[in-house]
Amino acid sequence: MSALLEVSGLDAYYGPIQALFGLDFVVEEGGVTALLGANGAGKTTTLRALSGLIRRQGDIRLGGRAIVGLSTEAVARLGVAHVPDGRGTFTDLTVEENLRLGAYVRRDRAEVRRDFDRVFGYFPRLAERRKQQAGTLSGGEQQMLAISRALLMRPKLLMLDEPSFGLAPMIVQEIFRILAAINRDEGVSMLIVEQNASLALDLADHAVLIETGRAAMSGAAHMLRADDAVRRAYLGY
Amino acid sequence: MTGTAPRTLLTLALFAAALAFPFLASGYHIYQGAQVLILAIALIGLNLLTGYNGQISLGHGAFFAIGGYGAAILTVKLGVPYFLAIPLASLVCFGAGFLFGFPALRFGGLYLALATFALAVATPQILAYKGFDAVTGGSSGVTLIKPRAPFGLPLSADQWLYLVCLACAAILYFAARNLVTSRIGRALVALRDQPIAAETMGVDAALYKTTCFGVSALYAGVAGGLSALAVGFVSPESFGLSLSLSFLVGIVVGGLASLGGMLFGALFIEFVPNLADQLSVTFGESAKALPGAIYGVLLILAMAIMPGGVAGALRSALRWASKTK
Amino acid sequence: MPSSGASRVNEFLHQLASGLALGGVYAIMALALVMIYQATQLVNFAQGEMAMFSTYFAWKLTDLGWPYWRAFAVTVVVSFLGGIALERIVVRPFAKAPVLASVIVFIGLSLIFNALAGWLYGYSTTDFPTPFDGRPWFGQRYMSAHESGSVLVSLVVLALVWAFFRFTPLGLAMRAAAQNPTSSRLVGIRVGWMLAIGWGLAAAIGAIAGMMAAPIVYLDPNMMAGILLYAFAGAVLGGIDNPFGAAFGGFAVGVVENLMGAYVVGSEVKLSVALAIIVGVLVWRPSGLFGRRIVARV
């Protein structure tokens, strides 16, 4: 496997305050990397830095191409779909309009139509609610909408920020099952930030443990799962 | 603060120069000097509201108008002596400002700008309203008699009026200075910068903001009253949107949240239109566009590169000079 | 003065019609204001003077002998591009500035446009042509041909704007950018350009408003001050975050202003009707008739 995303020496800042310190990790082509860590460790910050939502420096390569100087829009147009924390729903727009925004930069109309059918296949509930205002959806439905919107970008890399946040366990199970299917069937690479380390490690092949803005440990997912310290601190058994 | 002694000296020197001015200059220049002082008073008032308290008013010409018409009506129609008429008219302004401040509380920010803009545009029409003709003189306005110097002092009417304006400006300047350096002044600034924090710390936002509006209008009223005496005439067209906007230009050019800077602001808005008038003699009607163009460009430039206005620029120049010494 | 009931009804209908005609102008001006408000939570105080300047541009073209509709179309396009340029060059640097600074910049812009118009075209009042001359439409007597045409143009503009935002991908992206800039950037929308296009559209709509108003109020550099005020009143009345509320408000203000002017306060103080509407609405119903709520941006 070759690396789709290579991050090395990534620093990021909120205004004058440095939040990430020389982070290194990769997402393999077709692979899933999980970012683990406590609240405030810098997981969400890492995704924001990759998307160019905050000031960052270091080396970020997507398919070999340096993207560290690019704007958020440009990163998105290169095929990085970022499902932000809080899901980033356009609450006043309809479900369908939210999805059309996902395909905003695409010109291959026929393919877009097929992708609509595909995401409705994954999330039939969204199809039922096409004309409904997105703000009226439940939390789980909004998460499905956010993932679908991202999929309509036909991304090379799907970045998910806490997809399980605030959802009932059953819904979480369903969403992770579908994420696994998307990864397996369509080969979409993923970078996933997750509080629920056990779930994330099930999905991921690589994992990075972030502590106070630094990579405390990284490697194959099964390796981190086997680590005593990780197990006690993040898996809770 | 190390700057206090030189600042006091500078203020005294300026005051002495201003005091000597009417005895050195000719009639028209004395009149212009009085206009500058009058505008400075209005600008200090507006700056208390906008610069210090962060409430945007695009309609202070309306309060200036109330002061002017108040003074005119009281002296001409009711025979009140001018030295009583001006305080009375400015108290009316305080009331008007205070009352306008109440709805203003609910608007905040942009909406206050909208409402005061509406006030500025509507003012000339309201002043010209036929129903008030008997009192306001309709569109032809009211003519006043310039007051003479009392006690047989050997001063011309222009000189006397200038000195009255200077006295008013000095008193109101020091009052404003004391206000902004006091606890109340700090509360006003806190309400501008940290409204929620200020309120949680027990600042009665409603009271402070409405009172600030009232005081600001009072300053505009004094200025309007003095202006009516100096010009000898009030009419609706002199109190339109352009007057209100020139006040805004004055405080921005002079320096937001600066009091001394208002002298520069006043000089600026007095002499730029004057310059344009002189140029229009040679260049014809198109020179009328000059003040607006200069004002507009300066407003934008000031926001872009010199948010402190002339006062801010001087302050940083002095700081730079004292550092390099 | 003795007057028959029929003629009083006629007079009333006539006033109502004139109110609708100017109301259409206020409605589309209000729409232009809302377009910028939705994206930036700011009211463009220069909108009126920009429209006035565009109208002078159109006048210059017709004065050169261009046919009306060609001058109209070119003016709309040039205003659109001018609006974009203005946003990119002048407004953009103040995107993160406090409200006071933005308001000052807008006032600065309005002074500049006013001065430019005076300098280029002079301060005297001029006639402006209308494409709708001739006999009143549909055989009625209450509304002149220009007034009818002006209402029609306003309605067409409203319909086009609605269709643009409702059905085109660009319109959808603009709505998205106004609502949630971060999410919009994450799907690849160039939010900065959306703001610029918003300014362009507002300028183009303003130009149309100016060209419809000028035959009624005559062309001079201060022609738009009152119209902008009524448009403010309309936007505040209908809800400044709701385009169609604002447009409705514009029509309503036009009618109310005309009827109040004719029957209650007298036409000389009609502007105070706008003042009263603005202050009244902000005090009693700050979100307007159809607006959601006012987000205080202190």
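**Exercise 1. The interface of chains B and C**

Determine how much area chain C and chain B bury between them, and which elements of chain C take part.

*Solution.* 
Step 1. In this predicted model, chain C and chain B bury about 3700 Å² between them, and 82% of that area lies on carbon and sulfur atoms.

Step 2. On the side of chain C that touches chain B, the elements giving two or more residues are α4 (99-121), α9 (224-238) and α11 (270-284) of chain C. The largest share, 14 residues, comes from α4(C).

Step 3. Sorted by class, the residues on this side of chain C are 36 nonpolar, 6 polar and 2 charged.

Step 4. The contact draws 44 residues from chain C and 39 residues from chain B.

Step 5. The count of salt bridges between chain C and chain B is 0. Polar contact is found for 4 residue pairs between these chains, with both residues at pLDDT 80 or more.

**Exercise 2. Which chains touch**

State how many pairs of chains touch, and which of them has the most contacts.

*Solution.* 
Step 1. There are 2 pairs of chains that touch, and the most contacts are between chains B and C.

Step 2. Chain A also meets chain C: 24 residues of chain A are in contact with 22 residues of chain C.

Step 3. Chain A and chain B, by contrast, are joined by no contact; their closest C-alpha atoms lie 20 Å apart. A contact requires heavy atoms within 4.5 Å.

**Exercise 3. The interface of chains A and C**

Describe the area that chain A and chain C bury between them, and identify the three residues of chain A that supply more of its buried area than any other three.

*Solution.* 
Step 1. Chain A and chain C bury about 2000 Å² between them, with 57% of it on carbon and sulfur atoms.

Step 2. Glu73(A), Phe90(A) and Tyr104(A) supply 30% of the area that chain A buries against chain C, more than any other three residues.

Step 3. Across this interface there are 6 residue pairs in polar contact, both residues being at pLDDT 80 or more. At least two residues of the side of chain A that touches chain C come from each of α2 (72-77), β6 and α3 (95-102) of chain A.

Step 4. By class, this side of chain A divides into 10 nonpolar, 8 polar and 6 charged residues.

**Exercise 4. Salt bridges**

Count the salt bridges of the whole structure, and locate one that crosses between chain A and chain C.

*Solution.* 
Step 1. Over all chains, the search finds 21 salt bridges. One pair crosses from Arg175(C), in helix α6 (residues 169-179) of chain C, to Glu97(A), in helix α3 of chain A.

Step 2. The side chains of Arg175(C) and Glu97(A) meet in this salt bridge at 2.7 Å, N to O. The cut-off for a salt bridge is 4 Å.

Step 3. The interface of chain A and chain C has 2 salt bridges.

**Exercise 5. A cavity**

Which residues line the second largest cavity?

*Solution.* 
Step 1. The structure holds 2 cavities of 30 Å³ or more.

Step 2. The lining of the second largest cavity consists of His82(A), Val83(A), Ala146(A), Arg149(A), Ala150(A), Leu186(C) and Val187(C).

Step 3. Two or more of the lining residues are given by β6 (80-83) and by α6 (139-151) of chain A. The largest share, 3 residues, comes from α6(A).

Step 4. By class, the lining has 5 nonpolar, 1 polar and 1 charged residues.

Note on methods. Residues are numbered from 1 along each chain as its sequence is written. Chains are lettered from A and ligands numbered from 1 in the order in which they are written. This is a predicted model: local features need pLDDT of at least 70, side-chain atom pairs count only at pLDDT 80 or more; totals for chains, interfaces and linings use all residues. Side-chain values use heavy atoms; hydrogens and water are left out. On a 1 Å grid over the protein atoms alone, a cavity is a set of points where a 1.4 Å probe fits but cannot get out, and a pocket is an open set with protein on both sides within 12 Å along at least five of seven lines; lining residues have an atom within 4 Å of a point. Grid points are joined across faces, edges and corners, and a volume is the space filled by probe spheres set on the points. Helices (H or I, at least four residues) and strands (E, at least two) are DSSP runs, numbered from the N terminus. Ala, Val, Leu, Ile, Met, Phe, Trp, Tyr, Cys and Pro count as nonpolar, Asp, Glu, Lys and Arg as charged, and the others, Gly among them, as polar. Buried area is the accessible area (1.4 Å probe) that two parts lose on being put together, summed over both. A polar contact is a pair of N or O atoms within 3.5 Å; within protein, one must be able to donate a hydrogen and the other to accept it, and residues adjacent in sequence count only if both atoms are side-chain atoms.
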